[in-house]
Amino acid sequence: MSGNNDIIHQAVRLRIMASLNALAGGDAIEFTKLRSLVETTDGNLGSHLDALERAGYVAIEKRFAGKKPQTRIKATPSGRRAFSEHVAYLREILDQAGPAA
Amino acid sequence: MAIDQESAASSLSDVERVQKRTLELVRYSYASRYQLVWGVLVALGYIAQYLRPESGISIWAAVIFAGIVGGAVFRIGRSRIRGQPADYRWVWGQVAVVAFGLLWTGVFTDATPRQLSALWPSFFMFWMVIFGIFFGRFYVILGLVVSVLTAIVYLWSGDLFLPCMAVIVGGGLIASGLYLRRIGLGSR
């Protein structure tokens, strides 16, 4: 059985990884759009992204689009792997319960 | 920390919801490019038909050909960037829809140019609504709005029918394409 991943299981971080994992490999998402998708605040998203970046699960790129600063985030290969394993772990927990009555 | 079944179910539901919404926005971004291309082509087609009604068939053949070829080129380019084999199903889908429409509007029935000019966008918008039921409410709204406006100008716009259609169908596709580009998730 796969193990629990405490870094990813936190609700906001799980939503972040779910969104990044839905993108094609190598694709990144803008900070503001990710914030809207995971339904959180700038500060909260920033702190959770820091935690995921420290774990090596996401890569954060800061650049300028014209004169406007833009932060783009993408899942790393190890982040995608960790997310898939954690989702498999969650499914195993449900499977152990057997079919719902 | 152990995770109970209720928490696991709730987390998986969260994952599914966020991924579904993310993919919806990715699709919006891709669709925006097609809509902008088709919007410009269709607007030009209606204006050209208004100015040269006798060349209607040639004008629309050129518009449809340019739209399908443009879409195919875009998909091939995107596949190359991603290093994936090109997927031609979307192109064949468009060819099938056009062939079906041509058969029933050009061969089996005897519709007037005005009727055809209203029928075609309504036909595409009908499929847009069906598509939207599965992939995003935006398409449902776009399909219904354009269809209703098409019916209105068909009945009441008189000689300005074709310019009105250029604004409604072409303008509608361009405006919605720009909107989708703003809300969608661009790649790389």
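A residue is called buried when its relative accessible area is under 20%, exposed when that area is over 50%, and partly exposed in between (1.4 Å probe, protein chains only). By this definition B:S117 is buried, with a relative accessible area of 5%.

The structure described here is a predicted model, in which local features need pLDDT of at least 70, side-chain atom pairs count only at pLDDT 80 or more, and totals for chains, interfaces and linings use all residues. Residues are numbered from 1 along each chain as its sequence is written, chains are lettered from A and ligands numbered from 1 in the order in which they are written, and side-chain values use heavy atoms, with hydrogens and water left out.

## The two chains

Helices (H or I, at least four residues) and strands (E, at least two) are DSSP runs, numbered from the N terminus. Chain A contains five helices and three strands, and its elements follow the pattern α-α-β-α-α-β-β-α along the sequence. Chain B has six helices and zero strands, so that its pattern from the N terminus is α-α-α-α-α-α.

The table sets out some overall values for each chain. Accessible areas come from the Shrake-Rupley method with a 1.4 Å probe, and for residues only the protein chains shown count as cover.

| Chain | Extent of C-alpha atoms along principal axes | Buried residues | Accessible surface | Share from carbon and sulfur |
|---|---|---|---|---|
| Chain A | roughly 55 × 25 × 20 Å | 45% of 101 residues | about 5,100 Å² | 51% |
| Chain B | about 75 × 35 × 30 Å | 41% of 188 residues | about 10,900 Å² | 71% |

Contact means heavy atoms within 4.5 Å. Among contacts in chain A between residues at least 6 apart in sequence, 58% join residues at least 24 apart. For chain B, residues 24 or more positions apart account for 66% of the contacts with a separation of 6 or more.

For charges, Lys and Arg count as positive and Asp and Glu as negative, while His and the chain ends are not counted. The place of a charge is taken as NZ of Lys, CZ of Arg, CG of Asp or CD of Glu. Chain A has 14 positive and 11 negative side chains, with the centres of the two sets 8 Å apart. In chain B, the mean positions of the 16 positive and 9 negative charges are 10 Å apart.

## The sheet of chain A

Strands of a sheet pair through backbone hydrogen bonds, either parallel or antiparallel. Two strands are said to pair if DSSP finds at least two bridges between them. In chain A, three strands form an open sheet in the order 1-3-2, with antiparallel pairing. Strand 1 (29–30) and strand 2 (58–65) of chain A stand at the edges; each has a single partner strand, so one side of each is left without a neighbour in the sheet.

Strand 2 of chain A pairs with strand 3 (residues 68–75) of chain A over eight bridges, in the antiparallel sense. Within strand 3 of chain A, A:A75 stands opposite A:V58. The hairpin of these two strands has two residues between the strands, and A:G66 takes a positive phi near 70° there.

Helix 4 of chain A lies across strand 2 and strand 3 of chain A, and runs at about 125° to strand 2 of chain A. Axes are lines fitted to C-alpha atoms, for helices over the stretch in contact, and angles run from 0 to 180 degrees between N-to-C directions.

The loop between helix 3 (31–38) and helix 4 (42–54) of chain A holds A:E39. This residue, which is not a glycine, has a positive phi near 55°. A:E39 is exposed, with a relative accessible area of 53%.

B:S117 is placed in helix 4 (residues 113–135) of chain B. Apart from neighbours within four places in sequence, B:S117 is in contact with B:Y46, B:Q49, B:F161, B:L162 and B:M165.

B:L185 is found in the segment after helix 6 (161–183) of chain B. At 4% relative accessibility, B:L185 counts as buried. What does B:L185 contact, leaving aside its neighbours within four places in sequence? In chain A the residues are A:L23, A:I29, A:K33 and A:L37, and in chain B they are B:T22, B:L25, B:V26 and B:S29. B:L185 and B:V26 are 159 residues apart in sequence, yet 4.9 Å apart in space, C-alpha to C-alpha.
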